[in-house]
Amino acid sequence: MSSFSNILRDIASLPADSPMSLPGSLYTSEEYFHNEVEIVLRKGWHCLGRVDEIPNSGDFFTAQLLNEPLLVVRQSDDKIIVLANVCRHRGMPLAEGTGNTKRFICSYHAWTYDLDGILLRAPRMKNAGFEPKNCGLYKHNSHTWNGFIYVNLTSGNSPFKHPALDDLLTNYESEKFKLAHVAEEVWNTNWKCLVENFMEGYHLSVVHPETLHSYTPTGLARKLVNGPGFTSYAANYPKNIPQRGLGAPNLTEDERLRSTLFSIFPTQVASQAASLLVSLSIFPLNAGQIKVKWTLSTYGNDLDEKTITNRIALWEKVNQEDREKLERMQGALSSYHAGSGPLAEEDYEGTIRDFQLWLATHYQT
Ligand code: FES
Ligand SMILES: [Fe+2]
């Protein structure tokens with residue numbers, strides 16, 4: 001194990017002007033993946049989706065993050081909480097998929113919980129030692145930010161705080177964006193590959209010649225701010241491109257003329273534009289496989305129905321273009337010859353360097 005963390009530390013300690021990529025083994029080794037789950041992934045804040053996926057009290061959706069089945073619920077006071085989707089009797093999941101309910105009734109022996117996870121009823125339980133109040137569903141640390149829902153699987157871990165990213169995104173009014181589309185897919189790639197792919201502008205013109213190149217060519221990509229736990233870059237539009245919705249009133253001309261791509265490590269990558277917000281949540285399954293849940297949201301009434309349908313189709317195509325590349329690369333990353341390669345300059349791949357440095361902070365001796 002220490003050899004993997006040594007490799008990561010060595011790469012992270014390279015001079016800033018000669019960064020290198022991580023070698024293939026860090027994307028393919030199951031041994032390293034298991035270590036990452038404990039050292040990196042269980043300690044991070046993970047985006048589970050948008051708050052308006054569950055707009056009404058009693059609405060819920062489920063998710064599986066690492067080994068944890070999760071139940072994301074909007075309570076009667078409108079607050080969103082994340083419960084362990086694991087019955088306190090003998091471990092049955094309480095809900096599947098999405099829905100609306102007043103209480104969760106276990107399908108196995110009918111223990112019944114309220115929306116807050118408190119045990120209301122356990123039929124035929126006369127054991128002297130049984131204390132219903134000690135048998136509520138476990139409540140995870142959760143947080144909402146800019147209309148996104150986050151969970152952290154480690155209790156007492158550092159709070160969700162990204163002031164520099166707040167500043168970067170404030171004019172977009174991200175929390176006002178309304179959900180237009182949710183989809184889930186399984187991709188055969190390592191979770192870090194998708195973070196890196198989404199966050200570098202170097203591949204845009206090569207991989208997306210018809211879908212993205214005319215709006216966000218590689219040559220106009222510029223690195224933006226980074227900070228503890230996040231990075232960002234601007235995928236700038238050419239000056240003469242037609243405006244695609246005005247977005248929020250305080251947006252600057254520069255902000256209107258770009259997509260602001262950001263990643264909140266470890267598993268959220270997103271593209272914030274004036275009228276369109278696309279976010280991918282990555283759920284790592286094993287070293288070579290992830291589930292991707294992506295959402296597309298729009299600002300006010302900026303885009304009509306037909307334009308929204310076109311945008312969804314465009315993003316489906318973009319995601320397929322990236323997926324095809326990442327799945328082919330995953331096969332080659334097991335090669336003995338998949339070593340470290342030199343990274344492109346700051347504006348194109350500086351975000352990958354930020355990600356490496358953040359990963360390495362988990363392995364400090
Ligand atoms: S496992 Fe849920 S009631 Fe028995
Ligand atoms: Fe891409």
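Which residue of strand 5 stands opposite Asp-59? Keep that in mind as you start the tour. The model on your screen is predicted.

**Stop 1: the open sheet**

Select strand 2, residues 59-65. Click on Asp-59 and look across to strand 5: the residue opposite is Asn-100.

Next, bring in the rest of the sheet. It is an open sheet of 4 strands, and their order is 4-3-2-5. The pairing is antiparallel. Then look at how the strands are set against each other. On average, neighbouring strands of this sheet are turned by 25°, direction ignored.

**Stop 2: helix 1**

Select residues 2-12, which make up helix 1. Colour Ser-5, Leu-8, Ile-11 and Ala-12: these are the buried residues of the helix. Why do they sit on the same side of helix 1? Because they cover an arc of only 125° around the axis.

Now colour Ser-2, Ser-3, Asn-6 and Asp-10. These exposed residues are on the face turned away from the buried side of helix 1.

What covers the buried residues? Show helix 2 (25-28) and helix 9 (346-361), which are included in that cover.

**Stop 3: where two helices cross**

The crossing is right-handed.

Show the side chains at the contact. From helix 5, pick Val-195, Glu-196 and Met-199. From helix 9, pick Thr-351, Ile-352 and Phe-355. How many residues of each class are in this contact of helix 5 with helix 9? There are 4 nonpolar, 1 polar and 1 charged.

**Stop 4: Val-186**

Select strand 11, residues 178-187, and find Val-186 in it. Is Val-186 buried or exposed? Val-186 is exposed, because it has 12 other C-beta atoms within 10 Å, and a residue counts as exposed at 12 or fewer.

Look for partners from elsewhere in the sequence. Leaving out residues up to four places away, Val-186 touches Gln-289 and Lys-291.

Finish with a distance. Select Val-186 and Arg-222 together. They are 36 residues apart in sequence. In space, they are 30 Å apart, C-alpha to C-alpha.

Definitions and conventions: Residues numbered from 1 in each chain as written. Chains lettered and ligands numbered in written order. Predicted model: local features only at pLDDT ≥ 70, side-chain atom pairs only at ≥ 80, totals over all residues. Buried ≥ 20, exposed ≤ 12 C-beta atoms within 10 Å, placed from the backbone. Contact = placed C-beta atoms within 7 Å. Pairing = 2+ DSSP bridges. Axes fitted to C-alpha atoms, helices over the stretch in contact; angles between N-to-C directions. Arc of directions from axis to C-beta. Left-handed = near helix turned anticlockwise from the far one by under 90°. Nonpolar A, V, L, I, M, F, W, Y, C, P; charged D, E, K, R; others polar.
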